[in-house]
Amino acid sequence: MTASNPALCGAIRHDWTLPEVQALFALPLLDLLLHAQRVHREHHEPNTVQMSTLLSIKTGACPEDCAYCPQSVRYETGLEPEALMEVAAVRARAEQARAAGATRFCMGAAYRSPKAKDLRVIAAMIREVRALGMETCATLGMLTPEQARELKDAGLDYYNHNLDTSPEFYGEIITTRTYQERLDTLEAVRAADLKVCCGGILGMGESPADRAKLLLTLANLPEHPESVPINQLVQVEGTPLAGSAPLDPFEFIRAIAVARLLMPRSHVRLSAGRTAMSEEMQALCFMAGANSIFYGEKLLTTGNPDVERDRRLFERLGLRAEALAGAADAPARPAAGGGCACAHSHAETAA
Ligand code: SAM
Ligand code: DTB
Ligand code: SF4
């Protein structure tokens, strides 16, 4: 493949084919990294990483059977369930995250779908976090179009709802809801004019074709998710996926690079699993086009690198935190489509 290949030139497309995606995965690693970093720089400020902090606002006792998840009521993981938090306590945690340097606060709840009375409390949390000047994100399970609008009205910026894996492998991981139900929620979220955060988990025993199909499904959504979290499975004792064969780190890095090429404008988040990754591996993920992380010592129920460690890593790599769009110190975004030497039309890229 050369730079005249349309798959490598950073155009915004929604008609990717499986052979195209598989051909990207099959590139020599260093070629793939080079193309991904070039496309990354056409659309994003280099050396800049968006920082989100997670908080589990309602923990455990979830009726779903997601085979990776410590919060499912079906598995003995030793997790202590916790009811929905108080609004003031959530606000205090958001203040701490802001003081540490996060710009987005993501509230996660172990629900199949939220109840009306809980959604009213969560709407109050969103208002409080918004009032701190942070971006807000929530992940609460399946939503109806009305619920998505209620969250939008409260000031929610992003909704996280992952496809997790390929349509074909999904049934091996979750039996209590369908892939189509995930897609329906994503449609409701879009219809409410919320930004979409949607990605998946690698290392669950899926095949290389499943990884390609997950990214293909994300890239061929009517609009690319603004945020694409790529999680490496965090293996939790007691879940059915504990003891899965670990994924070759280079396959994970390849998936980040392919996500970058398929969805050039999206933020690709190097998400769960960083505590099990070397810092050299994380550096290669940033080279591959990852430009967002979860920041803070905890994800939802499991660990994440501590703030000091991430600060040192950023310093050693010359990375800096991305400022909020509109903030006084936010740099102008690079002009889309510039710098690509290929012959492919960039009409859509500039849209
Ligand atoms: N219950 C809601 C749902 O499933 O949409 C929201 C919370 S759920 C914990 C959010 C996402 O976290 C899941 O979709 C999954 O992608 C990710 N996740 C959960 N457990 C994980 C694990 N052990 N390793 C990696 N990612 C995980
Ligand atoms: C996402 O893609 N990853 C985050 C967030 N969205 C909600 C969750 C990761 C959870 C890892 C396991 C845990 O800490 O419970
Ligand atoms: Fe429940 Fe979400 Fe965990 Fe699935 S991933 S068991 S829906 S909290």
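Modeller: Two strands pair if DSSP finds at least two bridges between them. Keep in mind that this is a predicted model. With that definition, take strand β3 (residues 135-139): Ala138 stands opposite Tyr159 in β4.

Colleague: How many bridges join β3 to β4, and in which sense do the strands run?

Modeller: Two bridges join them, and the strands run parallel. Strand β4 covers residues 158-160.

Colleague: What pairs with β3 in β2?

Modeller: β2 and β3 are parallel and joined by five bridges. Within that pairing, Gly108 has Thr139 of β3 as its bridge partner. Helix α4 (residues 116-131) lies between the two in a right-handed β-α-β unit with β2 and β3.

Colleague: Is β3 enclosed or open to solvent, and how would I tell?

Modeller: Count its buried residues, where buried means under 20% relative accessible area. Five of the five residues of β3 are buried, so the strand is largely enclosed by the rest of the structure. Then look at each face: Glu135, Cys137 and Thr139 are buried on one side, and Thr136 and Ala138 are buried on the other.

Colleague: Which strands pair with β1?

Modeller: Strand β1 (residues 48-58) is mostly covered, with 11 of its 11 residues buried. β1 pairs in the parallel sense with β10 (residues 320-321) over two bridges, with β9 (residues 292-294) over three bridges, and with β2 (residues 104-109) over six bridges. For orientation, Thr48 is partnered with Arg320 in β10, Met51 with Ile293 in β9, and Thr53 with Phe105 in β2. From β1 the chain crosses through helix α3 (residues 87-100) to β2, and this β-α-β crossover is right-handed.

Colleague: Can we go from strands to single residues? Where does Ala148 lie, and is it buried or exposed?

Modeller: Ala148 is in helix α5 (residues 145-153). Its relative accessible area is 0%, so Ala148 counts as buried. Leaving out residues up to four places away in sequence, Ala148 touches Leu143, Ala188, Val189, Ala192 and Leu194. Sequence separation and spatial separation can also be set side by side: Ala148 and Thr185 are 37 residues apart in sequence and 8.6 Å apart in space, C-alpha to C-alpha.

Colleague: What does the side chain of Glu206 reach?

Modeller: Start with location: Glu206 is in the loop between β6 (200-202) and α8 (208-219). Glu206 is buried, with a relative accessible area of 8%. Its side chain reaches the backbone nitrogen of Gly203 at 2.8 Å. A polar contact of 2.9 Å joins the side chains of Glu206 and Arg211. Setting aside neighbours within four places in sequence, Glu206 is in contact with Thr165, Phe169, Ile201 and Arg211.

Colleague: Now the ligands. Which residues come nearest to ligand 1?

Modeller: Of the 16 residues around ligand 1, the nearest are Tyr68, Asn162, Asp164, Arg182 and Val234. For polar atoms, read the distances. A polar side-chain atom of Asn162 is 2.9 Å from an oxygen atom of ligand 1, and an N or O atom in the side chain of Asp164 is 2.7 Å from an oxygen atom of ligand 1. A backbone N or O atom of Ala109 lies 3.4 Å from a nitrogen atom of ligand 1. On its own, ligand 1 has 560 Å² of accessible area, and the protein covers 91% of that.

Colleague: Which residues are around ligand 2?

Modeller: Among them are Leu54, Pro70, Asn162, Pro229 and Phe294. Polar side-chain atoms of Asn160 and Thr302 approach ligand 2, the former 3.3 Å from a nitrogen atom and the latter 2.8 Å from an oxygen atom. A polar backbone atom of Leu300 is 3.0 Å from an oxygen atom of ligand 2. Taken alone, ligand 2 exposes 410 Å², of which the protein buries 87%.

Key: Residues are numbered from 1 along each chain as its sequence is written. Chains are lettered from A and ligands numbered from 1 in the order in which they are written. This is a predicted model: local features need pLDDT of at least 70, side-chain atom pairs count only at pLDDT 80 or more; totals for chains, interfaces and linings use all residues. Side-chain values use heavy atoms; hydrogens and water are left out. Buried means under 20% relative accessible area, exposed over 50%, partly exposed in between (1.4 Å probe, protein chains only). Helices (H or I, at least four residues) and strands (E, at least two) are DSSP runs, numbered from the N terminus. A crossover is right-handed if, with the strands pointing away from the viewer, the path from the first strand over the helix to the second runs clockwise. A residue is near a molecule or strand if one of its heavy atoms lies within 4 Å of it. A polar contact is a pair of N or O atoms within 3.5 Å; within protein, one must be able to donate a hydrogen and the other to accept it, and residues adjacent in sequence count only if both atoms are side-chain atoms. Accessible areas come from the Shrake-Rupley method with a 1.4 Å probe; for residues, only the protein chains shown count as cover. Contact means heavy atoms within 4.5 Å.
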